[in-house]
Structure formats: C-alpha cells, structure tokens
Amino acid sequence: MAKGTTFFFLFSSLLVLFLSSVSADKDDHEDQQVYIVYLGALPSREDYTPMSDHMSILQEVTGESLIENRLVRSYKRSFNGFAARLTESERKKIAGMAGVVSVFPSRKLKLQTTSSWNFMGLKEGIKTKRNPSIESDTIIGVIDTGIYPESNSFSDQGFGPPPKKWKGTCAGGKNFTCNNKVIGARDYKAKSKANESTRDYSGHGTHTASTAAGNAVANSNFYGLGNGTARGGVPAARIAVYKVCDNEGCDGDAIISAFDDAIADGVDVITISIILDDIPPFEEDPIAIGGFHAMAVGVLTVNAAGNNGPKISTVSSTAPWVFSVAASITNRAFMAKVVLGDGKILIGRSVNTYDLNGTKYPLVYGKSAALSTCSEEKARLCEPKCLDGKLVKGKIVLCDSSKGPIEAQKLGAVGSIVKNPEPDHAFIRSFPVSFLSNDDYKSLVSYMNSTKDPKATVLKSEEISNQTAPIVASFSSRGPSSIVSDILKPDITAPGVEILAAYSPDSTPTESEFDTRHVKFSVMSGTSMACPHVAGVAAYVKTFHPKWSPSMIKSAIMTTAWPMNASGPGFVSTEFAYGSGHVDPIAAINPGLVYELTKADHITFLCGLNYSSDHIRIISGDNSTCTKELSKTLPRNLNYPTMSAKVSGTEPFNITFQRTVTNVGMKNSTYKAKVVTSPGSKLRIKVLPRVLSMKSINEKQSFVVTVSGDSIGTKQPLSANLIWFDGTHNVRSPIVVYAMS
C-alpha cells in the first residue's frame with residue numbers, strides 16, 4: 001500500500017493486552033483493570049463503524065447498556081480495537097470468545113537526554129549537503145511527554161503549509177497551538193477532553209523533538225554552558241507530537257494509540273525515547289508491536305536502548321525491526337572544580353550553574369552526620385531521614401550516592417561533593433555539586449581525615465574538550481539481547497551525554513522542590529538523547545532516498561558507522577555496548593550496498609524463534625502462520641547488517657551466516673570481501689563468494705560467511721569485521737561470536 005494513504009493493520013483475531021492500572025470501581029466484587037483488545041481486520045464495507053462495534057462488544061461482555069465509563073479509548077485508524085476497564089471474569093469471557101489469540105500483561109514504561117551534530121559531521125548551513133524541498137516534506141513523529149510549542153526551536157518562520165500527505169490533526173488541547181513546524185499534536189494522558197493538553201510539563205519531549213528536528217537557534221545555552229547554535233538533524237522537517245507520558249510514567253495503551261495515529265497520520269520516522277522496566281517478549285512489548293506495524297507500511301521506529309548499563313543483557317529494545325540506539329560521549333564535557341582549603345584542586349563532572357564566590361565552607365561526610373536511627377552505610381549515601389540537620393546546615397556534604405545531594409539540600413547544606421563511580425557524564429542539581437571519580441573522592445576523604453578544620457568550595461562548571469570521544473556511556477544498556485541471542489543489540493551508537501537542546505519553561509531542570517529555574521534550553525544525558533539523533537539521521541537519509549524502506553535506511557546507517565574499539569575487557573566494552581559503531585550521517589547517504597528486509601522476512605525470523613502462529617499474529621496483526629519449514633530457519637540468518645551467534649564456549653564451533661546485499665551505489669561495480677579480526681581473535685572466517693560483481697542498480701547478490709574456532713570460554717566475545725569494498729564504499733558488518741555461563 002502506498003505511503004500517504006490510510007493504513008489499516010490486519011488483525012485476524014482478538015488480541016487482549018493486560019494493563020497494570022487498577023480502577024477504583026468494582027464489579028462482582030472484583031477490581032476492574034484496563035485491557036487493550038485488538039480486533040480482526042477492519043472490514044472494508046462502508047457501513048462498518050469501529051466505535052459502535054467496540055461498544056457492542058463491551059455491552060455483550062459486561063451486560064451493561066451504558067459503557068462510557070468502561071471504554072478507555074478506541075483504535076480505529078491503523079489498528080482496530082479498544083482499551084477498556086474489565087474485571088477478571090469479564091477478561092475471561094473475552095479470552096474465551098472465538099478467535100481470541102492471547103491474554104498477557106502490559107507494563108508501565110518510563111522515559112530514558114549543540115555540538116553533537118557537528119561532532120558527527122553534520123555541519124550547519126551550506127557546509128552540509130541537503131535536499132531542502134524533500135526535507136520540508138519529511139515528518140518525524142515524536143512519542144514522548146509532549147512539546148513546548150513556543151520554543152524558537154519550533155518556530156514556523158519560513159515554513160510553508162504542511163505536506164499534502166499529512167492526514168493528522170492538531171488536538172493539542174488548551175493553551176496549545178500548532179503551526180507549520182509542529183503540524184500535529186495529540187494527548188493520550190488527559191483524563192478528559194477538558195484537561196487535554198499536549199504541552200510538555202517535564203521537558204523531556206521538547207528536548208528529544210528539538211534534537212531530532214529543531215530549528216537552528218543561535219546563542220543557545222544553559223546559564224552560559226554549551227553556548228552555540230542548537231539545532232536538530234533535519235531542521236526543515238516537520239514534527240508531529242504524541243503525548244503518552246507524564247510524571248507518573250507512560251502507559252502501554254497510550255503508546256499503542258500513538259502508533260495507531262502516527263502511522264495513519266503519515267509520519268516518515270518515529271522516535272520514541274521510552275523503555276520498559278523489564279524486558280518482555282515481543283508479543284508483550286507495545287513498542288515492538290507498534291514498531292512492527294510501522295515497519296510494515298514503511299515507517300522506521302527508532303528507540304532508546306535503555307539506561308541500565310553497564311550490566312550485560314540490559315538492552316530493552318531488542319526487536320530487529322526497531323532501531324535500537326546506545327549513548328556515547330561526545331567531544332565536550334562539563335566539569336566543576338573542587339578547591340580544598342589547602343589549595344589543592346580536584347576536578348569533577350557536573351552541570352553546576354551556581355557560584356559560591358570562592359568561599360570555602362566546612363566539609364562534613366554523610367556518615368559523620370548520621371542520626372542515631374540510621375546506619376552508617378545509609379548515612380554515607382545521604383539517604384532520606386538519615387542526616388542530622390544540625391550537623392549539615394551551612395556545610396558542604398560528602399555523599400556516596402548521586403541522589404544524596406537532594407537530602408543534603410533539604411537540610412540546609414550549601415553544597416555537596418559526590419562519589420561518582422561512573423565519571424563519564426554530568427548531573428544537574430539545584431545547588432552547587434561536583435561529582436568526583438573514586439580516586440579523587442578518596443583523596444578528598446584523606447584530606448578531611450588529616451585536617452583539623454577541612455574546608456572546600458565548588459566552582460561553577462566549565463566546558464572542556466573531551467579527547468576520548470566517542471566511547472559508550474557507562475549508563476547505556478548492554479547486550480547480548482536476552483530475547484534473541486543471535487541478533488546483535490544495540491544496533492548503533494549516537495551522542496547521548498550532556499546534550500544541549502530545547503527545554504520546556506513549564507518545567508524545571510531538576511525534580512528538586514528547591515529548583516526555581518525555568519529555562520528554554522537545558523542539558524540532559526541518556527539513551528533518550530541518543531535516540532532522536534539517530535531519528536534525525538534516518539530522516540536525513542530518507543530525504544535523499546525517499547523510496548527506501550526502513551531496513552534499507554537502517555542498513556545504510558549501520559554499515560557506514562564509525563568503527564569503535566573495545567575499551568576494556570568483558571562484554572560491556574565490546575560490540576554489545578556500541579553495536580555497529582558510531583553513527584556517521586554523511587556516509588550513510590551513500591552506503592553502496594544495503595541489507596534489505598521485508599515483513600515476510602521478519603515473520604520467518606519469528607518462526608525460527610519457535611513462535612506459535614497465535615503469538616506471531618499478536619505481533620503482525622495478520623493471518624501469518626509458521627510452517628514446519630519456516631520453523632527450521634535459524635534466527636541468525638535474518639538478513640541483518642550485523643552477524644552474531646551464541647555458542648557453547650566449551651567446544652569447537654562451525655557456524656554460517658547467509659546474507660544478501662542490494663546494490664544502491666553504482667552500476668558495473670565490483671566489491672571484494674575483506675575480513676579484519678580484532679586483536680587476539682582466533683576466529684577463522686571464510687566468505688563465499690569473495691567477489692560480488694554488480695552490473696545494475698538494485699541488483700541483489702547473496703553470500704555465505706562461515707565462522708569457526710575452538711572453545712572460546714565465557715569471559716570475552718570474539719569479533720571481526722566483514723568489509724565489502726569497491727574502491728569507494730566500505731560496507732562494514734561486525735561479526736560477533738560469544739558464549740555465556
């Protein structure tokens with residue numbers, strides 16, 4: 001079906017998603033809970049009205065004639081279904097109806113935040129090749145906390161009317177106006193129409209939207225820090241906003257609604273910086289389900305990998321049809337110096353905008369200011385209700401936890417110095433704070449123990465050059481995927497540390513009750529901030545290749561990424577941290593070869609994971625089934641731009657990867673295979689054929705990669721890179737073999 005038409009997802013039977021919210025009402029002495037009910041394919045007959053059908057089903061199941069308080073929302077554009085408050089017995093009635101596929105729990109989801117675009121090579125103005133007319137027709141759907149529409153980042157000065165393909169609406173609610181930049185807005189969190197507002201009261205959605213597609217705004221800064229021109233990857237693109245999150249979190253039924261509308265509205269790329277607390281299978285993941293249907297109609301979904309690193313197997317975005325993004329450190333860092341009473345200077349990470357004017361204040365360690373009711377261990381962390389206000393007030397407090405300064409400030413401390421075991425990113429706090437490395441923190445404690453009246457001051461932050469970039473941030477979630485062992489996740493790495501972007505003055509830069517600041521730009525860190533960078537790059541690539549599928553765009557970005565090297569031993573510093581490497585926007589528009597995938601390929605992949613036909617229908621929404629032949633398909637043979645396999649670790653192995661590439665470079669080109677192994681790798685790798693001769697554009701050719709080796713143990717993955725080179729293009733695919741205990 002062509003883009004720009006109304007998209008219908010075909011659901012062959014009923015799908016029920018169980019949601020965690022609980023209603024205060026009771027029926028038959030049972031608590032009501034919210035369930036999402038997916039129905040079969042939208043009938044093509046003109047007299048079919050989804051809302052009437054949904055209400056009829058509810059009336060039949062509940063036995064009630066008035067069900068307005070039961071119906072939470074209807075899906076009637078891209079999905080056919082509804083969300084409703086049901087009791088357990090009513091849920092069972094629906095589950096027992098003919099054609100019901102499955103009943104499973106949904107979950108609360110949570111959010112995952114100028115020089116970054118320059119760092120990646122996407123320079124401002126005429127320094128970067130652009131396709132302005134198509135960029136202006138590109139629409140990025142932002143599923144997040146809403147947006148602050150008055151920001152200069154979203155001014156529509158110089159913009160014409162929305163693209164003709166746009167089928168959305170501005171339902172931003174009270175105190176909200178769309179324009180020719182922010183062309184659409186919907187709120188899924190409002191309890192009623194009267195309270196509806198897509199305005200951003202947290203700042204997160206404004207930040208991510210401007211990172212992806214914000215206008216260029218000169219002299220942007222956070223109290224002088226990071227001063228420069230803030231802009232998105234595709235400043236001429238349009239933005240459609242789908243508010244699914246507030247301070248209480250993000251509901252699964254709202255996310256499904258947002259995908260439903262975004263796809264029907266006509267967006268080109270979806271960026272969603274939201275993750276699940278745990279890692280559910282695909283059929284229980286609203287982002288995986290929504291992303292699948294987006295992929296099926298040509299819309300790429302870009303998702304944050306998660307902020308639970310550096311532990312292994314914490315990456316929460318694992319579906320191969322969703323673009324999973326890790327966070328890297330850029331070439332800029334914000335540092336706050338600590339000057340001790342003896343003149344020694346310690347340098348910590350912090351986005352500190354407060355000035356103590358050089359005054360040195362007494363130091364006190366949290367454990368030395370403990371209440372008698374609190375253990376020393378908790379007092380070290382400065383946990384709530386652990387510190388004696390009399391011993392803290394007017395002093396700079398040492399805390400072993402990044403959350404400790406919040407409690408110290410409540411009790412009247414003038415500042416705080418924090419032990420930061422992961423000193424690769426800065427935090428914002430609402431009073432003077434510096435986060436020291438373990439070694440510098442020990443040095444500070446030693447100074448306190450050897451000095452009769454220890455004092456110090458914390459200086460305002462300075463911006464310095466970071467020569468180690470790019471490396472993966474410690475907080476960025478790592479693979480391997482706990483859902484699919486033979487797909488390398490995350491996919492790609494992008495800037496996600498100390499990113500300056502637009503912010504909502506309706507919020508404050510921190511959650512502290514003492515923070516009275518209201519700013520138009522702020523600094524945030526997280527895979528939430530990396531995600532819209534890649535969404536911006538995907539939109540940028542699409543402006544040069546409007547007809548490319550999501551898999552082609554994804555492949556182009558992955559195979560042209562900057563190589564990154566392991567920064568240490570173990571899984572956490574390898575490809576399971578950074579995927580294909582660091583995104584390179586300029587190279588991505590001319591990849592030479594791409595690895596294409598279709599909806600059918602992903603169905604085959606799910607069959608190879610031993611998914612039942614019922615579970616596949618939950619994800620695909622159609623009549624797809626698994627034959628015995630399809631069930632024999634190895635998941636690692638999905639035509640993915642990376643190659644990964646889990647082996648026993650104690651025995652020799654010999655595995656193969658089957659791949660097909662499509663020529664999008666030049667006709668009459670010859671690509672030769674080159675294998676580059678990592679230092680110390682003992683992998684034996686063969687590629688057949690070793691030469692691919694492409695006579696025409698869009699020609700496809702297949703090859704097989706055979707990887708063998710001896711027992712590899714479980715401590716360190718082995719890796720290599722396959723590079724197809726034609727004299728111009730380097731089409732690089734990481735190969736990773738690993739074992740786990």
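Tutor: We go from the whole chain to single residues, keeping in mind that this is a predicted model.

Student: How many helices and strands does the protein chain have?

Tutor: The secondary structure of the chain amounts to 18 helices and 39 strands. Its radius of gyration is 27 Å, close to the 27 Å that the globule rule gives for 741 residues, so the chain is as compact as a globular protein of that length.

Student: And what box do the C-alpha atoms fill?

Tutor: Roughly 80 × 70 × 55 Å, taken along the principal axes.

Student: What share of the residues is buried?

Tutor: Buried residues are 60% of the 741. The accessible surface of the chain is about 28100 Å², and carbon and sulfur atoms account for 50% of that.

Student: Charges next. How many positive and negative side chains are there?

Tutor: There are 77 positive and 68 negative side chains, and the centres of the two sets are 6 Å apart.

Student: Now the inside. Which residues touch the most other members of the largest nonpolar core?

Tutor: Phe282, Val302, Trp321 and Ile557 do, in a core of 75 residues. Helix 12, residues 527-544, gives the most to this core, namely ten residues.

Student: Take Ile557. What does it touch?

Tutor: Leaving out residues up to four places away in sequence, Ile557 touches Phe323, Ile492, Val537, Ala538, Val541, Val583 and Ala588. Apart from that core lies another one, of 28 residues, including Ile685, Val687, Leu722 and Ala739.

Student: Let's change topic to helix 16. Which of its residues are buried?

Tutor: In helix 16, residues 599-608, the buried ones are His602, Ile603, Phe605, Leu606, Cys607 and Gly608. On the spacing, an α-helix has 3.6 residues a turn, so residues three or four places apart point the same way.

Student: What do the buried residues of helix 16 pack against?

Tutor: They pack against helix 7 (286-296), helix 17 (613-620) and helix 18 (628-631). Just after helix 16 comes Asn610, with a positive phi of about 65 degrees.

Student: Where else is phi positive in a residue other than glycine?

Tutor: Cys382 is one such place, with phi near 60 degrees. Cys382 sits in the loop between helix 8 (376-380) and helix 9 (389-392). Asn357 also has a positive phi, about 55 degrees, although it is not a glycine. The loop of Asn357 runs between strand 20 (345-349) and strand 21 (361-365).

Student: Is Asn357 buried or exposed?

Tutor: Exposed, because its relative accessibility is 66% and the cut-off for exposed is over 50%. Cys382 is buried, because its relative accessible area is 2% and buried means under 20%.

Student: And which residues does a cis peptide bond join?

Tutor: One joins Gly309 and Pro310, with omega about 5 degrees. Another joins Leu688 and Pro689, where omega is about -10 degrees. Pro310 is in the loop between strand 17 (300-304) and strand 18 (322-329), while Pro689 is in the loop between strand 35 (684-688) and strand 36 (691-694).

Student: What about Gly306, where does it lie?

Tutor: Gly306 lies in the loop between strand 17 and strand 18. Gly306 is buried, with a relative accessible area of 0%. From C-alpha to C-alpha, Gly306 and Asp277 are 9.2 Å apart in space, and they are 29 residues apart in sequence.

Technical notes:
Residues are numbered from 1 along each chain as its sequence is written. Side-chain values use heavy atoms; hydrogens and water are left out. A nonpolar core is a set of buried Ala, Val, Leu, Ile, Met, Phe, Trp, Tyr and Cys residues joined through side-chain atoms within 4.5 Å. Buried means under 20% relative accessible area, exposed over 50%, partly exposed in between (1.4 Å probe, protein chains only). Helices (H or I, at least four residues) and strands (E, at least two) are DSSP runs, numbered from the N terminus. Contact means heavy atoms within 4.5 Å. The radius of gyration is taken over C-alpha atoms; the globule rule is 2.2 Å times the number of residues to the power 0.38. Accessible areas come from the Shrake-Rupley method with a 1.4 Å probe; for residues, only the protein chains shown count as cover. Lys and Arg count as positive and Asp and Glu as negative; His and the chain ends are not counted. The place of a charge is taken as NZ of Lys, CZ of Arg, CG of Asp or CD of Glu.
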